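Please open the structure in your viewer and keep the selection panel at hand.

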Amino acid sequence: MPLITMREALNQAIREELARDERVFLMGEEVAEYDGAYKVTKGLLKEFGPKRVIDTPITELGFAGLGVGAAMVGLRPIVEFMTFNFSILATDQIINSAAKMLYMSGGQFNIPIVFRGPGGSAYQVSSQHSQAIESWFAYFPGLKVVMPSTPADAKGLLKSAIRDDDPVIFMEQERMYGNKGEVPDDPDFTIPLGVADIKREGTDVTIVARSLMVPIALKAADKLAEQSVSCEVIDPRTIRPLDIDTIIESVKKTNRVVLAEESHPVCGVNAEISAEIMQRAFDYLDAPVKRVSGVDVPMPYAKNLENLAIPDVERVVAAVREVAYLD
Amino acid sequence: MSKQTAEPISAASAEEQGSTGVVESPQVDQKTLSRERDAAKELQKDRLAGLNNETLIALYRQMILIRRFEEKSAEVYSAGKIGGFCHLYIGQEAVSVGALSAIRKDDYVLTSYREHGHALAKGMSPESVMAELYGKATGCSKGKGGSMHMFDKEVNFLGGHGIVGGQIPLATGTAFASKYQGTDQVTLCFFGEAAVNQGAFHESLNMAQLWKLPCIYICENNRYGMGTSLERAMSLSDVSQKARAYKMASEFVDGMDVLAVREATARAVERGRKDYLPTLLEVRTYRFMGHSMSDPGNYRTRAEIEKYQERDPIKLFLATLKEKNIVDDKQLEQIDSEVRQQVEEAVRFAEESPFPAPEELYTDIYANPIDPSRNRTR
């Protein structure tokens with residue numbers, strides 16, 4: 001299989017789906033002539049033309065809502081947010097329109113739309129441009145929320161998201177666009193939404209991680225292996241709906257669990273996973289569930305402070321050792 | 001939307017409570033008003049030309065149906081048969097009836113939460129609309145949307161939206177889709193003047209003109225956003241002028257004259273169908289009832305309401321029809337009795353319909369529900 005970057009994998013997914021289905025179009029800020037602020041959409045304007053690949057004004061609420069309206073009557077928009085920080089302006093249309101339309105209309109109007117773009121921590125851009133807000137979207141029934149951690153997952157999941165008949169929030173990670181991995185070039189390659197992936201099998205401690213935290217968890221697992229601790233790393237890949245069964249099965253096997261995430265701990269996705277584990281596997285736990293999260297502060301600019309705000313390999317290692325009662 | 005109080009209070013009863021807290025209403029000059037009314041009547045007569053009696057009577061019948069339907073809604077709301085918010089359309093009937101008489105069945109309509117009138121004018125059955133108000137399984141949204149969220153795919157009625165201005169980007173999207181798909185369908189997007197202050201309005205108009213999308217933005221300027229008058233909320237209160245900021249065609253229209261609304265809409269529809277061009281119509285109207293059923297009405301005077309009622313769109317149109325001998329009293333009596341019958345039927349249908357089954361709580365959340373256990377490969 002070809003070794004390509006996350007950025008190229010996403011580009012392939014969009015290109016293949018644009019070619020496959022005339023109803024699919026891409027819109028967002030700088031997606032066309034500029035080739036994408038992060039070059040994910042590079043070359044698409046040239047290949048598909050301005051009808052299918054559309055530069056928008058900086059008007060997030062407007063074009064998000066326009067996409068939802070178009071999806072009500074048969075189109076399948078891919079709406080790019082240059083970053084998910086800017087999706088905050090569009091939340092009324094994502095939450096009040098896209099997520100609830102099918103329900104409010106008694107099943108008449110489903111919204112096949114993908115809202116995608118990078119999110120999570122970036123490099124030294126301070127508080128407004130560096131944050132993980134997946135828990136906001138994961139809160140709402142009606143939305144599906146996907147966060148890939150490898151180029152192959154990114155391609156397979158994005159293709160499924162575009163083919164899905166519901167609104168999908170597809171959150172890429174700004175720091176991961178250059179990560180490389182093997183990716184199938186078969187245009188029929190997809191990965192179903194809602195299915196967790198066991199990124200590494202192990203027996204002593206389960207680490208649940210998503211997006212940027214997956215490579216960090218895998219590095220931590222390597223280090224811990226040297227210390228004779230065997231970690232199982234699970235990537236839910238889809239946050240809503242969450243494949244909780246895979247997590248519970250693993251916890252029942254290892255009896256110890258660390259939940260790693262970039263986002264703030266308060267009301268976060270891992271708070272939800274933690275509650276589910278308590279309810280469904282309490283008797284299997286040999287230690288309290290341990291969370292490793294981004295610290296509960298707005299993201300700072302200074303490099304040293306920024307490093308302190310985001311979970312790293314050392315913090316994950318320490319958490320695993322804590323639940324294994326090794327220190 | 002509105003703040004809910006325990007007891008629904010009609011505008012009238014609150015007026016009678018005295019002047020405490022009354023904000024001075026904009027002055028309405030009686031002379032100007034009568035002059036306007038007479039002028040409107042004359043104009044309306046001119047507009048009859050070219051329309052057959054059948055069409056004219058159908059317009060009248062639709063307006064009176066909406067009026068009776070809304071009166072009944074108020075009645076059953078007060079009786080506790082329907083819940084939640086209920087925003088009545090009484091006084092504004094000429095807008096939806098006039099505008100929707102100028103489009104085809106396959107054209108799209110989106111509106112706000114004050115929507116019963118548009119739903120009926122688009123051809124939805126009074127039964128399905130009333131049953132929705134009752135929260136019954138037979139309602140147009142299966143009892144999941146209520147007064148503010150009515151939908152009917154059969155007639156391309158796309159809601160019923162509860163956040164002020166939220167429907168405006170959506171309507172821009174349906175217009176975008178028409179152009180993308182190469183059809184000649186237009187979209188009518190209704191909203192109140194208060195929505196004009198939302199970013200959604202400005203963002204949408206900009207894109208619609210920039211990309212030439214066949215959306216007709218119809219601002220139903222009823223002078224009040226809930227209890228805040230236009231003058232207290234908008235620096236430039238001439239809504240139609242806002243189109244100039246986007247190089248968009250616009251008109252302002254007398255919203256009490258059903259034929260004026262019809263004509264202006266027809267002109268906009270032609271622009272939309274032929275050249276994929278949008279239009280902003282400011283339709284000046286007035287709501288005779290409160291913002292919602294819980295409106296205390298202390299922001300305007302009874303006298304002001306009465307003055308506008310002088311130009312009641314139904315009365316105005318009826319006077320024209322009578323003067324021109326288009327209907328006689330016998331016909332009117334028959335229409336009236338048929339409409340009342342229709343509304344009674346709708347209520348009976350709603351009353352007799354079942355509530356949604358408890359399982360319905362969990363349906364219609366996803367078009368493709370995901371069961372991870374079924375998809376898992378390992």
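This is a predicted model: local features need pLDDT of at least 70, side-chain atom pairs count only at pLDDT 80 or more; totals for chains, interfaces and linings use all residues.

**Stop 1**

Select residues 3–182 of chain A, which the domain assignment gives as domain 1, and then residues 197–323, given as domain 2. The C-alpha centres of domain 1 and domain 2 of chain A are 26 Å apart. Where they meet, 23 residues of domain 1 of chain A are in contact with 24 residues of domain 2 of chain A. On the domain 1 side, the elements that give two or more residues are helix 6 (134–138), strand 6 (144–146) and helix 7 (151–163) of chain A. This side of domain 1 consists of nine nonpolar, 10 polar and four charged residues.

**Stop 2: the sheet**

Next, display the strands of chain A. Seven of them form an open sheet in the order 3-2-4-5-7-6-12, with mixed pairing. As a general point, strands of a sheet pair through backbone hydrogen bonds, either parallel or antiparallel. Which strands stand at the edges? They are strand 3 (53–55) and strand 12 (238–240) of chain A; each has a single partner strand, so one side of each is left without a neighbour in the sheet. On average, neighbouring strands of this sheet are turned by 20° against each other, direction ignored.

**Stop 3: strand 4**

Select residues 76–80 of chain A, which make up strand 4. Is this strand mostly covered or mostly uncovered? Strand 4 of chain A is mostly covered, with five of its five residues buried.

Strand 2 (residues 24–28) of chain A pairs with strand 4 of chain A in the parallel sense over five bridges. Within this pair, Val24(A) has Arg76(A) as its bridge partner, and Met27(A) stands opposite Val79(A). Strand 5 (residues 114–119) of chain A also pairs with strand 4 of chain A in the parallel sense, over three bridges. Here Ile78(A) stands opposite Val114(A).

**Stop 4: helices across the sheet**

Show helix 3 of chain A, which lies across strand 2, strand 4 and strand 5 of chain A and runs at about 165° to strand 4. Then show helix 7 of chain A: it lies across strand 2, strand 4, strand 5, strand 6 and strand 7 (168–173) of chain A, at about 160° to strand 7.

**Stop 5: the largest nonpolar core**

The largest nonpolar core has 194 residues; those touching the most other members are Ile207(A), Ala217(A), Val258(A), Ala260(A), Val316(A), Val320(A) and Cys189(B). Domain 1 and domain 2 of chain A both give residues to this core, so it lies between them. Centre the view on Val320(A), whose contacts beyond four places in sequence include Val205(A), Ile207(A), Leu224(A) and Val258(A).

**Stop 6: the contact with chain B**

Finally, display both chains. Here 41 residues of chain A are in contact with 39 residues of chain B. Two or more residues on the chain A side come from each of helix 3 (60–72), helix 4 (91–99), helix 5 (101–104) and helix 9 (244–254). Which of these helices gives the most? It is helix 3 of chain A, with 10 residues. The chain A side divides into 18 nonpolar, 17 polar and six charged residues.

Notes. Residues are numbered from 1 along each chain as its sequence is written. Chains are lettered from A and ligands numbered from 1 in the order in which they are written. Two residues are in contact if their C-beta atoms, placed from the backbone, lie within 7 Å. Helices (H or I, at least four residues) and strands (E, at least two) are DSSP runs, numbered from the N terminus. Ala, Val, Leu, Ile, Met, Phe, Trp, Tyr, Cys and Pro count as nonpolar, Asp, Glu, Lys and Arg as charged, and the others, Gly among them, as polar. A residue is buried if 20 or more other C-beta atoms lie within 10 Å of its own, exposed if 12 or fewer, and partly exposed in between; C-beta atoms are placed from the backbone. Two strands pair if DSSP finds at least two bridges between them. Domain bounds come from an automatic or database domain assignment. A nonpolar core is a set of buried Ala, Val, Leu, Ile, Met, Phe, Trp, Tyr and Cys residues joined through C-beta atoms within 7 Å. Axes are lines fitted to C-alpha atoms, for helices over the stretch in contact, and angles run from 0 to 180 degrees between N-to-C directions.
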